[in-house]
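Please walk through this model with me.

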Amino acid sequence: MSIPKKHHFVPQMLLRNFTGSGGSLRVFAIDRDATYTSKTLRLGHVRGGHARLRPDGSPDREFFEHWMSDLEGAAANEIAALVSSSQRTIDLDDYPTLPWLASLQHNRSRALMGYLKSRLEAEGMTGTELEIQTAILDVTARQVLGAWEASKEANGDPKDRWDSMVGILTRLRCDVMRYEEPRLLISDGFAAQYGVAPKHADKYDSTGKNWAKHGIGVPQHQAAAFTIPLTTQVALHFHDGRQRKYLSAQQINQRTIYAARSFVAMPSDWTLPHDPLGDVAGWIQTQRFVRSMIAKNA
């Protein structure tokens, strides 16, 4: 039997934007109390994590990889163009793949897949690990990728092109945050969902609003904002306001950490404490506790 490939759940082209001078990352695990140094190829992957079964029952370890690579490649080109520009607010019609990358990251996250696996097992679904993984991938990543392909067809059926997260992000204003000095971190929570939108605030008590800071308990369409760090100096801020909303690097970092479920990473030559980054150590400790509570209540 061939050895399953290591499948990455955070695009390498993004992780490379956050490496230190030696090409390494300083990694803070969120699902356990551990800190270590890693190369990008070793981070954010699960061996065989995108393998699925073909209709004839044989294993397929390439189907998703090629499809995902196409989307990531298109997104990488858009990110490079955006970062090199001086734009402060963007029209997503000019960067059409970015919201699809956000949806793919959300749908193939190990946290979501783990939650769905636990729910399927609780409801009595039986089968091999690969059979269950195939079922999950077919209703998560495969649906995103299929809709992305359909979105490129001008005369395609709108229902085939529909994706809920893409629909939400494309309705929001997208401001570009640019910082003179490198100050941003990255985590496996690629598009960090944060808070409750003002028009939905009366639906949540103070406890619910606190959980919402971690992207928990609030559907995406009721969230206040989403933030995506693209490099150590550039991030996107999606929100439903009409005017540009500035966020400090510290605010972006807090949201990035609060969205993490597996890890947070920064250039390996950065050290903590580092005031321009914010209270990274404190936020990581908070998120480790939040992560443990998610696991207990999943």
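Q: Which residue is the bridge partner of isoleucine 90 in S8?
A: This is a predicted model, in which local features need pLDDT of at least 70 and side-chain atom pairs count only at pLDDT 80 or more, while totals for chains, interfaces and linings use all residues. Residues are numbered from 1 along each chain as its sequence is written, and side-chain values use heavy atoms, with hydrogens and water left out. S7 and strand S8 (residues 173–178) run antiparallel and are joined by two bridges. The partner of isoleucine 90 in S8 is cysteine 174.

Q: Which residue of S13 is the bridge partner of serine 187?
A: S9 and strand S13 (residues 263–267) pair over two bridges, in the antiparallel sense. Serine 187 has as its bridge partner in S13 valine 264.

Q: Are H3 and H6 roughly parallel or roughly antiparallel to each other?
A: Axes are lines fitted to C-alpha atoms, for helices over the stretch in contact, and angles run from 0 to 180 degrees between N-to-C directions. H3 (residues 98–107) and H6 (residues 141–151) pack at about 165 degrees, with their axes 9 Å apart. Angles under 35 degrees count as roughly parallel, over 145 as roughly antiparallel, 65 to 115 as roughly perpendicular and the rest as oblique. H3 and H6 are therefore roughly antiparallel.

Q: How many residues in the contact of H3 with H6 are nonpolar?
A: Contact means heavy atoms within 4.5 Å. H3 gives Trp100, Ser103, Leu104 and Asn107, and H6 gives residues including Val144, Leu145 and Trp148. Ala, Val, Leu, Ile, Met, Phe, Trp, Tyr, Cys and Pro count as nonpolar, Asp, Glu, Lys and Arg as charged, and the others, Gly among them, as polar. The contact has no charged residues, three polar and, as nonpolar, seven.

Q: Which residues of H7 make the contact with H3?
A: H3 and H7 (residues 164–171) pack at about 140 degrees, with axes 9 Å apart. That makes H3 oblique to H7. From H3 come Pro99, Trp100, Ala102, Ser103 and His106; from H7 come Met165, Val166, Leu169 and Thr170.

Q: Which residues does the cis peptide bond join?
A: Most peptide bonds are trans. Here omega is about 0 degrees. Proline 273 lies in the loop between S13 and helix H10 (280–297). The cis bond joins leucine 272 and proline 273.

Technical notes:
Two strands pair if DSSP finds at least two bridges between them. Helices (H or I, at least four residues) and strands (E, at least two) are DSSP runs, numbered from the N terminus.
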